[in-house]
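Please look over the sequence and the 3D structure shown here. A short report on them comes next.

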Number of protein chains: 2
Amino acid sequence: MQISYESEIYELLKKYNIDTPKYKVFDKEEKLKFDIFPCVLKVMSKNIIHKSDVGGVVLNVKNNKELNEVKKNLLRLNPEKFLVEEELAGIELFIGGIYDNIFGKVLIFGAGGTLLEIQKDITYIDIKATKKEIKQAVLNTKTAKIFPSFRGNKYDIDEVVSLIQKFQKLFKNEEISEFDINPILYTKKGLVAVDARLKFEKIVNKNWKRKKISLFENKNVAIIGVSENKNKVGYAIAKNSLKSKSNIYFVNPKFKKLFNKKVYKLEELTNIDIAVIAIPPKSVFQTIEFLAKKGTKNFIIISAGFKEVGNKQAELDIKKLSIKYNLNIVGPNCLGIYNSTYNLNLTFGSSSIYNGEIGLISQSGAVLTALMDKASHYKIGFSHIISMGNMADFNFANAIEELNNQDNCKIISIYAEGIQYGKEFLKAIRKSKKPILFFKSGKSERAKKAAFSHTGNIAGDYQMIVSLSKLAGAKIKSSIESLIYSSQFEENEIIIVTNAGGPGTILTDLVIQNSKKLKTLDKKTINQLNKVLPNTWSKNNPVDIIGDATPKRYQDTLDILKDKSNLIFVIITPQLMTDTKEIAQILLKYKNAVPIFLGEESFKIAKKIFENRLFFNSLQDSVSVL
Amino acid sequence: MQISYESEIYELLKKYNIDTPKYKVFDKEEKLKFDIFPCVLKVMSKNIIHKSDVGGVVLNVKNNKELNEVKKNLLRLNPEKFLVEEELAGIELFIGGIYDNIFGKVLIFGAGGTLLEIQKDITYIDIKATKKEIKQAVLNTKTAKIFPSFRGNKYDIDEVVSLIQKFQKLFKNEEISEFDINPILYTKKGLVAVDARLKFEKIVNKNWKRKKISLFENKNVAIIGVSENKNKVGYAIAKNSLKSKSNIYFVNPKFKKLFNKKVYKLEELTNIDIAVIAIPPKSVFQTIEFLAKKGTKNFIIISAGFKEVGNKQAELDIKKLSIKYNLNIVGPNCLGIYNSTYNLNLTFGSSSIYNGEIGLISQSGAVLTALMDKASHYKIGFSHIISMGNMADFNFANAIEELNNQDNCKIISIYAEGIQYGKEFLKAIRKSKKPILFFKSGKSERAKKAAFSHTGNIAGDYQMIVSLSKLAGAKIKSSIESLIYSSQFEENEIIIVTNAGGPGTILTDLVIQNSKKLKTLDKKTINQLNKVLPNTWSKNNPVDIIGDATPKRYQDTLDILKDKSNLIFVIITPQLMTDTKEIAQILLKYKNAVPIFLGEESFKIAKKIFENRLFFNSLQDSVSVL
């Protein structure tokens with residue numbers, strides 16, 4: 001690493017209107033003369049990396065006489081030059097920049113000083129983050145408590161945001177791969193970059209582009225590798241596809257008919273929009289190229305046996321094919337896709353799929369299967385489903401873009417284990433006109449290990465991926481179920497109705513831990529509740545309707561609250577007077593009520609009543625709606 | 001607040017062998033002379049509270065000449081004296097002490113300096129905490145990352161612990177109600193208290209004692225206020241008591257027989273060990289006093305209508321009764337107690353209770369009902385149950401002591417909303433010979449509000465209560481269910497078996513979030529698994545046995561792992577080949593296997609098979625076993 005004189009770095013910062021201490025550079029022999037005191041004297045030497053460690057920095061010099069005395073002393077270090085700068089005091093902040101394999105150039109802001117590494121009060125900021133995103137990121141640090149004032153001094157968050165924007169520009173324009181400014185001092189006169197290290201290095205940006213083609217143009221569909229064997233994937237997909245409005249072409253050279261439909265040879269196909277491929281991995285490349293030459297643009301590779309078993313080259317080859325012919329290639333090693341527009345189920349899942357508004361994107365086939373199974377039970381519908389598999393070509397950014405072009409998709413839900421193209425992913429989130437729900441697995445170090453052995457993906461740093469995605473506009477979810485449940489209950493402030501205070505308190509904790517809010521009840525509502533509830537009710541949300549609550553009391557309460565929130569958790573504990581069956585029957589009438597039955601034996605009938613409607617068995621589990 | 005000269009505080013610290021900077025005090029007119037440089041000059045004045053703010057502190061004075069020049073300048077502040085001290089550098093730590101209403105004198109340790117309030121990297125330490133507890137507390141801060149070395153310097157945690165012990169002694173002995181030492185500098189020569197504020201104030205300790213009497217001496221039992229009305233509490237308790245081996249005396253002046261047993265008048269009773277009281281609140285006091293005079297020592301007040309409806313005086317009266325006659329008075333406003341020794345169910349709960357090893361203490365009757373309902377379903381047994389209610393007299397510390405005296409209680413589970421006698425509570429935890437599982441509600445500010453309106457208890461600061469209890473030895477639980485489930489699975493490192501990588505990763509996250517560990521598989525086990533699993537299995541815990549896992553593969557895996565951990569989570573996602581019914585039947589054979597069925601439709605039969613064995617429906621919910 002090339003060592004730069006501090007003065008050179010200061011000059012670079014000044015080019016971007018970033019304040020530095022006032023300073024002067026002197027030749028070795030020159031007499032020192034400065035006019036701001038106290039000041040700092042530093043040696044300048046290309047041979048000294050850590051000036052402080054060798055005593056090459058002297059603080060709190062009080063006048064020019066002292067300055068020249070101290071200088072004499074420092075000549076023993078044999079520096080090329082001397083630098084004198086004003087000594088500043090203020091709150092220590094930190095701004096740094098790194099080059100990340102997934103997200104490219106990313107800024108880091110946080111608390112500075114010696115304790116940077118210990119407290120790690122930091123936040124990540126994409127180099128393309130908007131002003132609003134930067135502000136939000138800054139507010140996510142504890143350091144933000146200094147705004148608008150701390151210990152009698154004023155600190156303006158907008159000044160900090162504007163400084164970060166200057167560093168965005170600098171980091172983008174200059175050939176720098178890494179830098180850290182520690183500290184940035186927030187002095188009484190404003191923000192000053194005091195100590196700076198830069199690593200000059202040219203970063204070659206991986207450019208990645210793809211012309212617009214629609215994955216969901218699914219009029220003519222080929223299923224390649226259909227099977228007569230019920231235990232084979234090729235059988236399941238063929239069967240699932242039967243109800244579609246698309247023209248389905250089964251392909252297998254070995255037999256002629258399946259489900260009373262003709263089975264084609266590959267060579268017979270023409271005008272295919274999308275081909276689903278469920279054949280041994282070694283024939284996949286050839287098959288795609290054959291169809292691509294005939295104009296097919298979209299491919300779903302179901303077949304496994306690629307990266308996940310160490311076969312990386314085959315995926316690189318597929319990627320090349322995609323670029324050469326401008327294709328969408330989903331997979332390999334995926335479960336397939338679903339497109340409600342054509343009522344087209346090209347997955348090998350065994351669940352029936354209802355039409356609806358969720359566009360579900362899942363990196364894991366198993367998680368997808370689980371969610372489809374649950375959705376089918378509760379009749380939660382999808383507009384589209386995309387099982388991403390190994391993502392040799394088609395990635396999350398593409399999937400978000402595709403779903404944005406589909407009118408019947410109203411909400412996009414993503415289950416991700418690792419992200420490859422961070423920049424594009426953030427861009428797609430920012431551009432999305434539809435809300436994006438995002439669950440990322442692999443929070444802990446140990447979990448990362450598990451993810452690695454599973455997907456062969458390098459799971460990026462959880463915190464970085466999640467915080468950057470959140471800043472870009474995604475809603476971070478904390479359970480896989482919430483990807484399908486929470487879309488049922490439009491974003492809102494939550495109401496809790498309960499016949500017991502304790503569980504109401506615990507659920508409040510959980511709601512707030514999940515960054516959701518409880519609705520504050522207005523006077524009018526409280527007055528209405530006063531009329532139907534005993535005097536000891538909580539007068540507050542959680543609405544504690546007291547242990548002896550009858551079914552009628554639940555009903556009266558919900559009649560008053562039903563239009564006040566789209567999500568009302570209703571807690572029932574099985575106390576002496578509690579008629580769980582009757583209460584369950586009443587709750588059925590309220591679409592936005594989600595019961596939490598806190599018990600087992602006493603709720604056998606209640607659970608039967610709620611068999612096909614969402615209910616929970618524990619407070620902990622209920623937050624999967626959030 | 002009385003202002004002390006810094007020198008006086010330094011002298012007090014020295015009395016406890018706490019290092020301070022070397023210093024000298026000078027009269028106003030005296031010529032200054034010091035021998036350690038750089039040094040700091042400070043004015044000493046009873047009229048100046050914040051010396052720094054008025055310029056009364058000058059740092060980095062380099063020699064005696066400069067010292068006297070600076071002094072001249074400071075005479076304008078008209079100080080009584082001057083203090084000169086050596087200037088030190090080091091890592092900034094913080095030690096403070098407060099008097100808390102619940103826990104009495106409590107120490108706080110953490111990162112010091114300006115950012116103390118911003119970073120709040122602190123930990124609470126009871127004034128009676130042992131060396132081991134202190135060390136653990138220090139390790140809970142981020143600052144602990146400096147041990148054993150940071151940036152080339154060595155830092156010894158034992159030195160910090162020993163310093164905290166000195167402050168424990170000082171805080172205990174001196175008439176101080178609050179202090180903060182910020183910073184304590186960890187210099188190259190050791191720890192030095194540089195800046196100190198103390199608030200002198202005498203704290204009168206609330207003394208609270210009670211002679212030993214046994215709540216569970218239950219040979220002769222009176223139930224006062226039995227009822228013929230099926231909807232009344234007095235009916236339910238009477239009915240629940242019928243199977244007991246104790247002599248049960250029903251009391252009600254209004255009728256003669258109930259369940260074919262004689263109903264007594266209060267005056268007829270003699271030799272009663274424990275009386276359960278379910279009569280209107282206004283008659284409770286009289287009734288207790290009447291029986292107390294006749295020698296009854298234990299009372300359970302079921303009746304409501306006390307503090308929870310604003311009737312505080314009645315509870316103070318009950319407390320006085322308890323002190324006067326040396327009684328145990330449980331409640332009021334509680335669900336009752338259960339004592340397996342006499343097969344005695346004195347609750348009005350409707351669940352059947354199995355005999356077992358858990359002693360369950362619950363502040364909320366509703367939470368208790370819910371847990372009893374679940375326990376009954378899964379045949380989880382209790383040695384004792386105590387519903388605490390408003391805790392006018394009998395408190396958590398008493399309950400822990402009582403359960404420690406019962407041999408058949410092997411584990412103590414506590415559900416708490418607020419703690420009243422913090423010191424006694426911690427002492428009881430420390431003394432307990434049985435493991436204590438502890439769930440505390442009211443984590444968030446908002447939740448505190450809810451708790452307040454419910455219990456009338458001032459819910460103490462969650463963080464303080466939980467961290468002090470944990471240091472004292474309690475195991476902190478994150479769901480109410482874990483109070484009964486987790487005792488089934490002896491403390492151990494967990495194994496995850498899964499047919500899908502994604503959910504395995506997510507569960508790993510959740511396990512680690514709950515401060516539990518995954519078992520590391522040894523070579524031998526891995527080799528054994530290699531023989532029965534496909535080549536692509538994860539070779540690791542989570543044990544990913546791959547999407548096409550058959551029932552036999554689950555069985556082979558569990559046969560190898562069954563003795564390796566007491567808790568094996570088994571994840572099943574409903575993939576194409578997954579025979580959920582067969583797998584469920586196999587899992588039934590392994591007592592320590594807890595299945596997580598990730599889906600709905602595909603698991604209908606599997607769930608029937610597991611009807612009376614613990615299983616989960618979501619990853620999130622499964623952690624209630626931890």
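## Two chains, one axis

This is a predicted model. How are chain A and chain B related?

## Helix pairs

The table lists their axis distances and angles.

| Helix pair | Axis distance | Angle |
|---|---|---|
| H16(B), residues 523-532, and H17(B), residues 551-561 | within 10 Å | roughly 165 degrees |
| H10(A), residues 396-404, and H11(A), residues 422-431 | within 8 Å | roughly 20 degrees |
| H7(B), residues 284-293, and H8(B), residues 312-325 | 11 Å | about 5 degrees |

Start with H16(B) and H17(B). Their axes cross at roughly 165 degrees. Angles over 145 degrees count as roughly antiparallel. The two helices are therefore roughly antiparallel to each other. Their crossing is right-handed. H16(B) brings Thr525(B), Gln528(B), Leu529(B) and Val532(B) to the contact. From H17(B) come Arg553(B), Asp556(B), Thr557(B), Ile560(B) and Leu561(B). By class, the residues of this contact are 4 nonpolar, 3 polar and 2 charged.

Next come H10(A) and H11(A). Their axes cross at roughly 20 degrees. That makes H10(A) roughly parallel to H11(A). The crossing is left-handed. Which residues of H10(A) meet H11(A)? They are Phe396(A), Ala397(A) and Ile400(A). Their partners in H11(A) are Glu424(A), Phe425(A), Ala428(A) and Ile429(A). This contact has 6 nonpolar residues, no polar ones and 1 charged.

The last pair is H7(B) and H8(B). These helices pack at an angle of about 5 degrees, and their axes are 11 Å apart. H7(B) is thus roughly parallel to H8(B). On the H7(B) side, the contact is made by Phe285(B), Ile288(B), Glu289(B), Ala292(B) and Lys293(B). On the H8(B) side, Asp317(B), Leu321(B), Lys324(B) and Tyr325(B) take part. The classes here are 5 nonpolar, no polar and 4 charged.

Side chains of opposite charge can pair when their charged atoms come close. Glu174(A) lies in the loop between helix H5 (157-173) and strand E10 (176-187) of chain A, while Lys15(A) is in helix H1 (residues 6-15), so the pair ties together parts that are 159 residues apart in sequence.

## Backbone details in chain B

Chain B has two cis peptide bonds to describe here. One runs from Phe147(B) to Pro148(B), with omega near -5 degrees. Pro148(B) sits in the loop between helix H4 (131-139) and strand E8 (149-150). Another runs from Gly331(B) to Pro332(B), with omega near 0 degrees. Where is Pro332(B) found? Its place is the loop between strand E19 (328-330) and strand E20 (336-339) of chain B.

Asn260(B) has a positive phi, near 65 degrees, in a residue other than glycine. Asn260(B) lies in a loop too, between strand E15 (257-258) and strand E16 (261-264) of chain B.

Notes: Residues numbered from 1 in each chain as written. Chains lettered and ligands numbered in written order. Predicted model: local features only at pLDDT ≥ 70, side-chain atom pairs only at ≥ 80, totals over all residues. Heavy atoms only, no water. Axes fitted to C-alpha atoms, helices over the stretch in contact; angles between N-to-C directions. Helix = DSSP H or I, 4+ residues; strand = E, 2+ residues; numbered from the N terminus. Parallel < 35°, antiparallel > 145°, perpendicular 65-115°, else oblique. Left-handed = near helix turned anticlockwise from the far one by under 90°. Contact = heavy atoms within 4.5 Å. Nonpolar A, V, L, I, M, F, W, Y, C, P; charged D, E, K, R; others polar.
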